[in-house]
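I opened my notebook beside the structure viewer and wrote down what I looked up, one topic at a time.

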Amino acid sequence: MQNDIQEVLISEEELQAKIKELGELLSSEYAGKDPLVICVLKGAFIFMADLVKRITVPIELDFMAVSSYGAATKSSGVVKIIKDLDTTVEGRDVLIVEDIIDSGLTLSHLIELLKNRNAKSVKVVTLFDKPSGRSVNMEADYTGFVLPDAFVVGYGLDYAEHYRNLPYIGVLKPEIYTK
Ligand SMILES: O=P(O)(O)OC[C@H]1O[C@H](OP(=O)(O)OP(=O)(O)O)[C@H](O)[C@@H]1O
Ligand SMILES: [Mg+2]
């Protein structure tokens, strides 16, 4: 698995330090609010787990599974809802937790859905942002790291469902997805 990685972009230590910072920021932003924190599965599962441990105010959690990449390195453009929320978002302050914003299609779809369900507020925290991939206008409210134009894996992010369990973020060797 490690042999398929061309370069480690962000180490485990750097990830944890940034997540602590984001947790502190979100704890002050959501003081007195009791937000519903939504994890976008599968990619955001590790970030969600590490982030919520750093949030010191009361929150509720829920999970939604969406997919648009499959075994490709470009978005199919079709955002499929695989598992919906258990909770109603009406009147709630919602914080979406994403691993990465690339084309922006997943989030623009989700934000529209949650606004149509009458959430009181919808904000986004993403650990990674790859602005070079955008096909729709989309910015997160809170961002961990801005990434270069490369297909990355690890820390929850996959290629064809593999590599999610790497503890760091790495660039996948192009020969892995072009073979
Ligand atoms: O901005 P976009 O181009 O929409 O890309 C970002 C989305 O793509 C990935 O999910 P994917 O569809 O691969 O599902 P997964 O989380 O199960 O890997 C990632 O976890 C984000 O949710
Ligand atoms: Mg994926």
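**Before starting.** I noted that this is a predicted model.

**Entry 1: the six-stranded sheet.** I began with strand order. Six strands make up an open sheet, and I read them off as β4-β3-β2-β5-β6-β7, with mixed pairing. At the edges I found β4 (80-83) and β7 (142-146), each of which pairs on one side only.

**Entry 2: the β6 and β7 end.** How do β6 and β7 pair, and over how many bridges? I found the parallel sense, over four bridges, with β6 spanning residues 121-129. For one bridge I wrote down the residues: F128 has F145 in β7 as its partner. Then I looked at what lies across this pair of strands. Helix α1, residues 12-29, lies across β6 and β7, and runs at about 165° to β7.

**Entry 3: the three-stranded sheet.** Three strands form an open, antiparallel sheet in the order β1-β9-β8. Here β1 (5-10) and β8 are the edge strands; each has a single partner strand, so one side of each has no neighbour in the sheet. I checked the β1 and β9 pairing and counted four bridges in the antiparallel sense. In one of them, I5 is bridged to L172 in β9.

**Entry 4: around ligand 1.** Which residues are closest to ligand 1? I noted G43, Y69, D102, S103 and T106 as the closest, in a shell of 17 residues. Two elements give two or more residues to this shell, namely β5 (93-101) and α3 (105-116). The most comes from β5, with four residues. I sorted the shell around ligand 1 by class as well, and got five nonpolar, seven polar and five charged residues.

**Entry 5: the record.** I looked up the UniProt annotation, which comes from an unreviewed entry. That record gives "domain: Phosphoribosyltransferase" for residues 14-159. In the model, the end C-alpha atoms of residues 14-159 are 22 Å apart, and the span is 25% helix and 29% strand.

**Entry 6: a cis peptide bond.** I went through the backbone next. The peptide bond from L41 to K42 is cis, its omega being near 0°. I placed K42 in the loop between β2 (36-41) and α2 (45-52).

**Entry 7: two positive phi values.** I stopped at Y155, where phi is near 50°, a positive value in a residue that is not glycine. Y155 sits in the loop between β8 (152-153) and β9 (169-172). Is Y155 buried or exposed? I counted 26 other C-beta atoms within 10 Å, and because the cut-off for buried is 20 or more, Y155 is buried.

A160 came next, and its phi is positive too, at about 50°, although A160 is not a glycine. A160 is in the loop between β8 and β9. For A160 I found 13 C-beta neighbours inside 10 Å; residues with 12 or fewer count as exposed and those with 20 or more as buried, so A160 is partly exposed.

Technical notes
Residues numbered from 1 in each chain as written. Chains lettered and ligands numbered in written order. Predicted model: local features only at pLDDT ≥ 70, side-chain atom pairs only at ≥ 80, totals over all residues. Pairing = 2+ DSSP bridges. Contact = placed C-beta atoms within 7 Å. Axes fitted to C-alpha atoms, helices over the stretch in contact; angles between N-to-C directions. UniProt positions renumbered as here; feature names shortened; annotations may be inferred. Near = placed C-beta within 6 Å. Nonpolar A, V, L, I, M, F, W, Y, C, P; charged D, E, K, R; others polar.
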